[in-house]
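Subject: A structure for you to look at

Hi there,

Here is the structure I promised to pass on. Have a look at it first, and then read my notes below.

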Amino acid sequence: MELSMLQEYWWLLISVLGAILVFMLFVQGGQTFLLGVKDGSPASRIIIESMGHKWELTFTTLVVFGGAFFASFPLFYSTSFGGAYWLWMLILISFVLQAVSYEFRSKPGNLFGTRTYDIFLFVNGCVGCILLGVAVGMMFFGADFTVSKGNLLDGASPVISRWAPTHGLEAIACWKNLLLGVAVLFLARTQAAVYMLNNHPEPGVLFDANRRRVLVNGVVFVVLFLAFLGVLFTNVGMVTMVRGGLDGTPSEFSYIGCKYFYNYIDMPAALVALLVGTVMVLYGVLRSALARHFTCGIWWSGIGTVLVVLSLFWVAGYNDTPYYPSSLSPASSLTIYNSSSSEFTLTVMSYVSLVIPVVVAYIAYAWWSMDRKKK
């Protein structure tokens with residue numbers, strides 16, 4: 001394949017992994033329910049059992065997503081992870097708290113008590129979801145960085161990308177990013193409640209409580225997501241006028257109103273994925289909340305979530321759209337064409353990408369195996 005086709009192919013793979021990751025965040029969403037139930041109660045035990053069987057799958061997906069991004073678009077990796085490090089450190093710390101909590105929560109001789117680890121899991125559920133949403137929001141609403149490959153010749157500071165002094169804290173303070181982050185949180189909470197209806201389908205008090213959780217969190221998520229789409233569709237975006245390349249050719253950009261709305265119009269596949277995915281999520285959520293005993297909602301809302309997130313990644317990176325626009329220096333904005341690895345690297349990795357279906361199969365098998373063992 002030509003270099004441009006390889007770049008578009010790898011953005012597709014990044015989109016798939018990102019969509020799966022957002023779906024798997026229902027584990028974080030479920031953890032936010034822990035402080036709302038009595039410590040040591042049957043409800044608390046069931047939440048830990050349901051989420052504890054899946055958290056490693058979420059972590060595996062996150063690692064694969066980050067690794068694929070690093071290998072295919074290293075300039076993004078160095079720019080974002082090397083610049084907005086306060087944002088990424090907070091995300092990392094929240095996931096470390098999750099791993100520590102599941103490892104030591106039920107260990108004999110636990111000096112801190114289970115409630116302390118429940119608080120850690122709650123923090124991971126809230127902070128992890130919101131800040132991952134903030135990180136994705138920068139792909140649409142911009143980030144405060146500059147890129148100059150000539151900086152490599154600067155002996156005092158040979159760094160290609162330079163960030164604003166706040167190093168990611170400004171992204172957390174941006175209300176547009178937070179809107180997406182909070183929407184991701186309530187999506188994760190809704191998905192968690194829908195999942196527990198499927199994981200523990202026995203009629204009773206817990207089943208009815210999860211139905212109420214689906215309804216309340218689902219309504220909040222729909223309102224927030226519609227608000228995010230409204231902001232996204234009316235946002236002034238950037239379009240590539242001259243494609244810069246890996247040879248150092250500078251990119252040229254121009255601003256255009258309603259850029260992401262026009263991206264959906266120009267890419268029917270993305271529009272269909274958005275509409276079909278939204279309908280599937282609404283069906284799964286509404287029927288789970290309103291039907292007396294519907295337990296298959298996780299498949300409807302889960303597949304719908306994957307389709308919607310796929311469409312968002314597509315409009316963020318395709319159609320000559322910079323997927324990481326710079327608010328400080330528009331010319332520094334990153335596209336899939338000026339931030340990727342070399343043609344040789346992408347070609348070799350395309351063969352390695354055949355492993356991705358194996359990862360997906362592992363997640364599916366591990367999911368089935370753990371649920372089967374529980375029963």
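Let me start in helix H10 (residues 205–234), where Arg-211 and Asp-208 sit three residues apart and are therefore separated by about one helical turn; helices are DSSP runs of H or I with at least four residues, strands are E runs of at least two, and both are numbered from the N terminus. An α-helix has 3.6 residues a turn, so residues three or four places apart point the same way. Arg-211 and Asp-208 form a salt bridge, with 3.8 Å between the closest N and O atoms (a side-chain nitrogen of Lys or Arg within 4 Å of a carboxyl oxygen of Asp or Glu). Arg-211 is buried at 19% relative accessible area, while Asp-208 is partly exposed at 33% (buried is under 20%, exposed over 50%, partly exposed in between, with a 1.4 Å probe and protein chains only).

Before you go further, please note that this is a predicted model: local features need pLDDT of at least 70, side-chain atom pairs count only at pLDDT 80 or more, and totals for chains, interfaces and linings use all residues. Residues are numbered from 1 along each chain as its sequence is written, and side-chain values use heavy atoms, leaving out hydrogens and water.

The structure has four salt bridges. Another one joins Asp-320 and Arg-243 at 2.9 Å, N to O. Asp-320 lies in the loop between helix H13 (297–317) and helix H14 (343–352), and Arg-243 in the loop between strand E3 (237–242) and strand E4 (252–256), so this pair ties together parts 77 residues apart in sequence. Arg-243 also lies over the face of Tyr-337, 3.9 Å from the ring centre (CZ of Arg or NZ of Lys within 6 Å of the ring centre and within 35 degrees of the ring normal). Arg-213 does likewise over Phe-33, at 4.7 Å from the ring centre.

Asp-118 and Arg-105 form a salt bridge too, with the closest N and O atoms 2.7 Å apart. Asp-118 is in helix H7, and Arg-105 in the loop between H6 and H7.

Helix H7 (residues 114–141) has 28 residues and should span 40 Å at 1.5 Å a residue, which agrees with the 40 Å between its end C-alpha atoms (the expected span is 1.5 Å times one less than the number of residues). Just after H7, Gly-142 has a positive phi of about 95°.

Best wishes
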